[in-house]
Amino acid sequence: SGVGRHEEAIDLLTRCVTLTRRMPYYLMFLGEALIRAGRRADAVRVVEELIECGRRDPTVAGFAGYAQLALGDFEAGIATFERATTDGVVRGTPVSFIVPAYDPYRHDPRFAALLRSIGYTGTALLTRGTPDSRQR
């Protein structure tokens, strides 16, 4: 999906989701591919499923947070991550935040706090895609 082949990615990720019995990790990527393909209603359904997965298993709550942020729901995404990190269950990887979907949030102090809560100590992910970073 990152190279513009959204429908192909959606087909492959749908198969992964099926083969892994709806594993949240693959649901998260499916949701992101649906967002990139402009299939918002489908993406919202996947995010809702991820939120439910997070309620049943707190160790996957972060996947819902990633998807909510990518969907453009900053307040819900940050709240989901804050609950999960407070519970000590998010094992996020900062590299997940390199995608452009997160660019609108990079200036927000809560986004910086989120990255620090999952172990990120750099600054590149806080400036990537912002007007200041493009001028450098």
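Helix H4 is followed by glycine 72, whose phi is positive, near 100°. The structure is a predicted model, in which local features require pLDDT of at least 70 and side-chain atom pairs count only at pLDDT 80 or more, whereas totals for chains, interfaces and linings use all residues. Residues are numbered from 1 along each chain as its sequence is written, and side-chain values use heavy atoms, with hydrogens and water left out.

The secondary structure of the protein chain comprises eight helices and zero strands, where helices (H or I, at least four residues) and strands (E, at least two) are DSSP runs numbered from the N terminus. Of the 136 residues of the chain, 40% count as buried; buried denotes under 20% relative accessible area, exposed over 50% and partly exposed in between, with a 1.4 Å probe and protein chains only. Among contacts (heavy atoms within 4.5 Å) between residues at least 6 apart in sequence, 50% join residues at least 24 apart.

Eleven of the eleven residues of H4 are buried, so this helix is largely enclosed by the rest of the structure. Its buried residues pack against H2, H3, H5 and H6. Beyond its neighbours within four places in sequence, glutamine 68 is in contact with Val47, Ile51, Asp73, Ala76, Gly77 and Thr80.

The largest nonpolar core contains 34 residues, of which Leu50, Tyr66, Leu69, Phe97 and Tyr102 touch the most other members. Such a core is a set of buried Ala, Val, Leu, Ile, Met, Phe, Trp, Tyr and Cys residues joined through side-chain atoms within 4.5 Å. Two or more residues each are given to this core by H1 (6-19), H2 (24-36), H3 (40-56), H4 (61-71), H5 and H6. The largest share, seven residues, comes from H4.

Helices H5 (residues 74-86) and H6 (residues 109-117) pack at an angle of about 30°, with their axes 11 Å apart; axes are lines fitted to C-alpha atoms over the stretch in contact, and angles run from 0 to 180 degrees between N-to-C directions. H5 is therefore roughly parallel to H6, a term for angles under 35 degrees. In this contact, Phe74, Glu75, Ile78, Phe81, Glu82 and Thr85 of H5 meet Arg110, Phe111, Leu114 and Ser117 of H6. These residues divide into five nonpolar, two polar and three charged, with Ala, Val, Leu, Ile, Met, Phe, Trp, Tyr, Cys and Pro counted as nonpolar, Asp, Glu, Lys and Arg as charged, and the others, Gly among them, as polar.

Key
Parallel < 35°, antiparallel > 145°, perpendicular 65-115°, else oblique.
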